[in-house]
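Subject: A structure for you to look at

Hi,

Here is the structure I promised to pass on. Have a look at it first, and then read my notes below.

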Amino acid sequence: MSNPVLKEADQKMDKAIEAFKRELSHVRTGRATAALLDGVMVDYYGTSMPVNQVASISVPESRLITVQPWDANILGELEKAILKSDLGLTPSNDGKIIRVSVPPLTEERRKELVKRVKKMAEDSRVAVRNIRRDAIEKLKTQKKDKEISEDDMFKLQDEVQKLTDNHIKEIEKILEEKEKEIMEF
């Protein structure tokens, strides 16, 4: 039995997990990735734009990110934007390209990042539980409107709970992997 409420809840929970993964990609670990700069916005002729839309970003080494703007006039703005971001990175500008060295994380910074990641995971779990609550409300409405029987409502509520449990397990797994990545030297 595939109820549209179940399908919708499953899709929304999948989206919540995707959003969690996207958020995690912005969290700095010990190694350089181009995704680190995804959340950084630069002022480009009065418009705020993501760095990856005004420059090419590459990772030539595990601890170095290079940012080459397509318009050399915004080098200074790019440098300021990276400095202002909460990544704790210091860019160096040689007039053509910006090099961002990714230093190894201190123990204290690693612990801060783990706390931040745990909060993101909790926010994702809350989002999944809210989707569960909405789905159960819709099922109760369907029963009240006599679209489904009481037995079907209870079966579907169990299905919604199984979906919720599976998605929360997935969030836990992703969190565990990210914690390991942050804590490794």
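Let me start with charge: the protein carries 34 positive and 35 negative side chains, and the centres of these two sets are 2 Å apart. Here Lys and Arg count as positive and Asp and Glu as negative, while His and the chain ends are not counted. Each charge is placed at NZ of Lys, CZ of Arg, CG of Asp or CD of Glu.

Before you go further, please note that this is a predicted model, where local features need pLDDT of at least 70, side-chain atom pairs count only at pLDDT 80 or more, and totals for chains, interfaces and linings use all residues. Residues are numbered from 1 along each chain as its sequence is written, and side-chain values use heavy atoms, with hydrogens and water left out.

**Overall layout**

The protein has four helices and six strands, in the order α-β-β-β-β-α-β-β-α-α along the sequence. Helices (H or I, at least four residues) and strands (E, at least two) are DSSP runs, numbered from the N terminus. The C-alpha atoms fill a box of roughly 70 × 40 × 20 Å along the principal axes. Of the 185 residues, 38% are buried; buried means under 20% relative accessible area, exposed over 50%, and partly exposed in between (1.4 Å probe, protein chains only).

**Helix 2**

Which residues of helix 2 are buried? In this helix (residues 75-84), they are Leu75, Leu78, Ala81 and Ile82. Viewed down the helix axis, the buried residues fall within an arc of 125 degrees, so they line one face of helix 2. That arc is taken from the directions from the helix axis to the C-beta atoms. As background, an α-helix has 3.6 residues a turn, so residues three or four places apart point the same way. The buried residues of helix 2 pack against several strands, including strand 1 (41-44) and strand 3 (55-61).

Is lysine 178 buried or exposed? Lysine 178 sits in helix 4 (residues 150-183), and its relative accessibility of 9% makes it count as buried. Beyond its neighbours within four places in sequence, lysine 178 is in contact (heavy atoms within 4.5 Å) with Leu24, Val27, Thr29 and Val117.

Tyrosine 45 is in the loop between strand 1 and strand 2 (47-50). Tyrosine 45 is exposed, with a relative accessible area of 59%. Leaving aside neighbours within four places in sequence, tyrosine 45 is in contact with Asp71 and Asn73.

Happy exploring!
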